[in-house]
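Have a look at the sequence and the fold, then read on.

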Amino acid sequence: MTDLRPEHRLLLLAMHPRPDGPRSEAIHRLVHRGLDWDHALGAAERLGSLQLLAAALDHAAVSLPPEVERRCRDARLASVARALVAEECLGGLRAAFAVVGIPFMVLKGLPLAQELYGEAGLRPGSDVDLLVRPADRDAALETLRQSGYRLPPGSLSLRFYRAHHFHFMLVRPKDEGLPVELHWSTQPFFSLSRIPVEEIWERARRVA
């Protein structure tokens, strides 16, 4: 087995947004020895973790080449912008669902990012995932439709998704907001494993 490239060791060290003393010292040593920054940043981008790498480098207070610093800064700003869009989207959904009295749970997304990293912008996200109980599925769908959400062009029919799937993916045409995935289960009916959805509901908690 060959040793990892120093760029890959850097990425592993950076998977925590606020590296402890030993991690920060190891990051310093790697940067001081010299890195192929194009390779390191390219790998981080492919993994969707460039914002995490940028945060770890910033926390470790290492000196970076100007172009590397720019790319890291841009990645963090873009990630924060996506988080703000997701936050605005969730605020609108919360208000709409409150009117009709439908409880929902946010899967992954902003709550998980805040829980794991303490900063919502450090976890990449491309949509908003909501879980409702199966009995509330159609009422939740109608609420989203009244809020302007539709199936994307080229999608299969709602009838197909109801019969064979476990979520709808909906967008608002001409809106720069994030798509919404409305889940009424956590996995397809043909899955060999089972996630106990009711236990998830029982253990759910409110977050700000």
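## Cysteines

There are zero disulfides in the structure, a disulfide being a pair of cysteine sulfur atoms within 2.5 Å. In general, a disulfide is a covalent bond between the sulfur atoms of two cysteines.

Cys72 counts as buried because its relative accessible area is 5%. Cys89 is buried too, at 10%. (Buried means under 20% relative accessible area, exposed over 50%, and partly exposed in between, using a 1.4 Å probe and protein chains only.)

## About the model

This is a predicted model, where local features need pLDDT of at least 70 and side-chain atom pairs count only at pLDDT 80 or more, while totals for chains, interfaces and linings use all residues. Residues are numbered from 1 along each chain as its sequence is written, and side-chain values use heavy atoms, with hydrogens and water left out.

## Ala14

Ala14 sits in the loop between helix H1 (6–13) and helix H2 (21–33); helices are DSSP runs of H or I, at least four residues, numbered from the N terminus. With 0% relative accessibility, Ala14 is buried.

What does Ala14 touch, not counting residues up to four places away in sequence? Leu52, Leu53 and Ala56, where contact means heavy atoms within 4.5 Å. Leu50 is 36 residues from Ala14 in sequence, and their C-alpha atoms are 9.4 Å apart.

## Arg137

Arg137 belongs to helix H7 (residues 137–146) and is buried, at 15% relative accessibility. Leaving aside neighbours within four places in sequence, Arg137 contacts Val132, Arg162, Phe168, Leu182 and Trp184.

The Arg137 side chain also makes a polar contact with the side chain of Asp138, at 3.2 Å. A polar contact is a pair of N or O atoms within 3.5 Å; within protein, one must be able to donate a hydrogen and the other to accept it, and residues adjacent in sequence count only if both atoms are side-chain atoms.

Notes:
Helix = DSSP H or I, 4+ residues; strand = E, 2+ residues; numbered from the N terminus.
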